[in-house]
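The sequence and the model come first, and the notes follow by topic.

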Amino acid sequence: MGVDFGGNKSASVYNLVAFDKGYKNVYVLDEYYDKENKSAEHLINRFIDCTQRWSKDKKLLCAYCDSAEQLLIKSLRNAVRVDVRNALKRPVNSRINMLCRLISAGRFFVSDKCVHLIEALETAVWDSSKLNCDQRLDDGTTNIDSLDALEYAIERYESHLFKV
């Protein structure tokens, strides 16, 4: 599970991700998307709901969270029986390249019910104001939160996904 916490102009996103045996493919099975960010308590309760619902049919092992929100992460750890860890937060371009490799190899699949992630993948653009620097546009006009949550969920498994 990948977790990105929202703030100003951004959403809080939880993505449920699975790998098949041998890490050949990546599957995004479900998502939670909240642009309102009512309160920390609301996010914690939705996290509990998601982990309980997603654990019924699947083995939910770990949640990788945006490490900028340590108090929220501590609260999530105390609320569920899922291993809650900090995301690695590798450089954005490294995460984008990893996802591009999976997509181009036909090894990345997204459930139709993940409408926010699908929209984010279709509308992601480079920031044209940053000449000579590949940087994803992060001005609130596109959904990068779903992309961040996805990348947090899979970045630790890059070496498994691309065994030499």
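In which helix is the place of Asn 93? Asn 93 sits in helix α3. The model is a predicted one. Helix α3 also packs against α5, and α5 in turn packs against α4.

**Asn 93**

- Asn 93 has a relative accessible area of 27%, so the residue is partly exposed, a class that lies between the limits of 20% and 50%.
- Asn 93 and Asp 83 are 10 residues apart in sequence, while their C-alpha atoms are 27 Å apart in space.

**Helix α3 against helix α5**

- Helix α3 covers residues 92-104, and α5 covers residues 145-154.
- The axes of α3 and α5 come within 10 Å and cross at roughly 80°.
- That angle makes α3 roughly perpendicular to α5, because angles of 65 to 115 degrees fall in that class.
- On the α3 side, the residues that meet α5 are Arg 95, Ile 96, Met 98, Leu 99 and Leu 102.
- On the α5 side, the residues that meet α3 are Asp 148, Leu 150, Glu 151, Tyr 152 and Ile 154.
- By class, this contact of α3 with α5 holds 7 nonpolar and 3 charged residues, and no polar ones.

**Helix α4 against helix α5**

- Helix α4, residues 115-123, packs against α5 at an angle of about 100°, and the two axes are 8 Å apart.
- α4 and α5 are therefore roughly perpendicular to each other.
- α4 contributes His 116, Leu 117, Ala 120 and Leu 121 to the contact, and α5 contributes Ser 146, Leu 147 and Leu 150.
- The residues of the contact of α4 with α5 divide into 5 nonpolar and 2 polar, with no charged residue.
- Leu 150 of α5 takes part in the contact with α4 and also in the contact with α3.

**Burial of helix α5**

- Is α5 largely enclosed by the rest of the structure, or is it open? 10 of the 10 residues of α5 are buried, so the helix is largely enclosed.
- The buried residues of α5 include the charged Asp 145, Asp 148 and Glu 151.
- Ser 146 lies in α5 and counts as buried because its relative accessibility is 0%.
- Leaving out residues up to four places away in sequence, Ser 146 touches Val 13, Asn 15, Glu 31, Tyr 33, His 116, Leu 117 and Ala 120.

**Largest pocket**

- The largest pocket holds about 380 Å³ of space.
- Its lining has 17 residues, and those closest to the centre of the pocket are Val 17, Ala 18, Phe 19, Lys 59 and Leu 61.
- Strands β2 (12-19) and β4 (62-65) each supply at least two residues of the lining.
- β2 gives the most to the lining, with 4 residues.
- By class, the lining has 13 nonpolar and 4 charged residues, and no polar ones.

**Ala 63 in strand β4**

- Ala 63 is part of strand β4 and counts as buried because its relative accessibility is 0%.
- Apart from neighbours within four places in sequence, Ala 63 is in contact with Met 1, Val 3, Phe 47, Val 82, Asp 83, Val 84 and Arg 85.
- Ala 63 and Leu 76 are 13 residues apart in sequence, and their C-alpha atoms are 9.5 Å apart in space.

How values were computed. Residues numbered from 1 in each chain as written. Predicted model: local features only at pLDDT ≥ 70, side-chain atom pairs only at ≥ 80, totals over all residues. Heavy atoms only, no water. 1 Å grid on protein atoms, 1.4 Å probe; cavity = no way out; pocket = protein on both sides within 12 Å on 5 of 7 lines; lining within 4 Å. Points joined across faces, edges and corners; volume = space filled by probe spheres on them. Axes fitted to C-alpha atoms, helices over the stretch in contact; angles between N-to-C directions. Parallel < 35°, antiparallel > 145°, perpendicular 65-115°, else oblique. Contact = heavy atoms within 4.5 Å. Buried < 20%, exposed > 50% of the residue type's maximum accessible area, 1.4 Å probe, protein only.
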